[in-house]
Amino acid sequence: MEVSYSIFELQKAMKTGRPIDVQKYDAMRTKHQLDIDTQVYVGDKEIGVTGLLNSDDQVTSENIGTYTPGTTTPQQAIQLFNDVLAQAWAATQYTRVPNRILVPPSLFTDLVGTQLPNTDKNLLQFVLENSLTRANGGFLEIWPVKWLADEKLFSKPRIVAYTKARDVVRFPLVQLQSMPVQYRDYQQCVPYYGALGAVEIVRPEMLFYGILQD
């Protein structure tokens with residue numbers, strides 16, 4: 001990609017206090033970050049690669065229980081998440097418990113918004129503190145991912161558990177690099193180049209897809 005603008009655009013932008021070179025660079029960076037996000041989580045159909053959420057590389061996928069906002073109790077929520085962690089743990093021959101879980105945004109919103117009675121904690125904090133990962137001396141993270149809300153990608157909601165470590169999953173990436181400014185008549189152009197790889201699942205047994213039931 002390249003960032004280009006004329007000297008006239010640059011002069012006008014300087015007078016209005018809106019540097020067009022910075023704005024165009026920021027727009028390019030935003031597109032680059034969106035490309036990375038897509039590639040990491042769901043891959044690219046055109047080149048035939050999958051991502052972290054939809055890998056077909058021997059990742060265990062099992063049906064789990066249900067989660068209904070406003071109805072699921074804290075105990076049921078703990079059981080649901082610990083069942084996911086337990087099945088993922090078993091798939092590793094009980095060597096490592098996942099330290100990260102990705103959930104649909106709606107589920108994450110409910111976890112944060114559900115206040116437990118007689119305490120200042122919400123349901124998310126309750127799950128984190130009583131997780132199987134915490135009981136094994138680790139620290140669990142639960143994060144929302146927009147792609148898990150896409151019904152075109154996933155017919156049923158899913159929870160993804162994995163261990164965030166380079167020996168489990170990694171993503172090769174060459175960050176954007178700039179070349180010297182090129183002048184074309186009244187135009188100034190700065191070419192940028194980079195490279196995105198595909199998500200490499202080194203140890204597929206340490207990922208787990210929990211499919212939520214209706």
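I looked up which elements line the second largest pocket: helix 2 (20-41) and strand 6 (169-170) each supply at least two residues of its lining. Helices (H or I, at least four residues) and strands (E, at least two) are DSSP runs, numbered from the N terminus. The model is predicted, so I noted its limits: local features need pLDDT of at least 70, side-chain atom pairs count only at pLDDT 80 or more, and totals for chains, interfaces and linings use all residues. Residues are numbered from 1 along each chain as its sequence is written, and side-chain values use heavy atoms, with hydrogens and water left out.

I recorded a volume of about 250 Å³ for the second largest pocket. A pocket is an open set of points on a 1 Å grid over the protein atoms alone, where a 1.4 Å probe fits, with protein on both sides within 12 Å along at least five of seven lines; lining residues have an atom within 4 Å of a point. The volume is the space filled by probe spheres set on the points, which are joined across faces, edges and corners. Among the lining residues I found Tyr-41, Arg-100, Lys-164, Arg-166 and Arg-170. By class I listed 8 nonpolar, no polar and 4 charged residues. Ala, Val, Leu, Ile, Met, Phe, Trp, Tyr, Cys and Pro count as nonpolar, Asp, Glu, Lys and Arg as charged, and the others, Gly among them, as polar.

I then turned to the largest pocket, with a volume of about 310 Å³. Of its 18 lining residues, Tyr-67, Pro-104, Ser-106, Pro-157 and Leu-212 are the closest to its centre. I noted 9 nonpolar, 5 polar and 4 charged residues in this lining.

Next I examined helix 4 (105-113).

Of its 26 residues, Phe-81, Ile-101, Val-103, Leu-107, Leu-111, Ile-142 and Ile-159 touch the most other members. Helix 3 gives the largest share, 7 residues.

Notes. Core = buried A, V, L, I, M, F, W, Y, C linked by side-chain atoms within 4.5 Å. Buried < 20%, exposed > 50% of the residue type's maximum accessible area, 1.4 Å probe, protein only.
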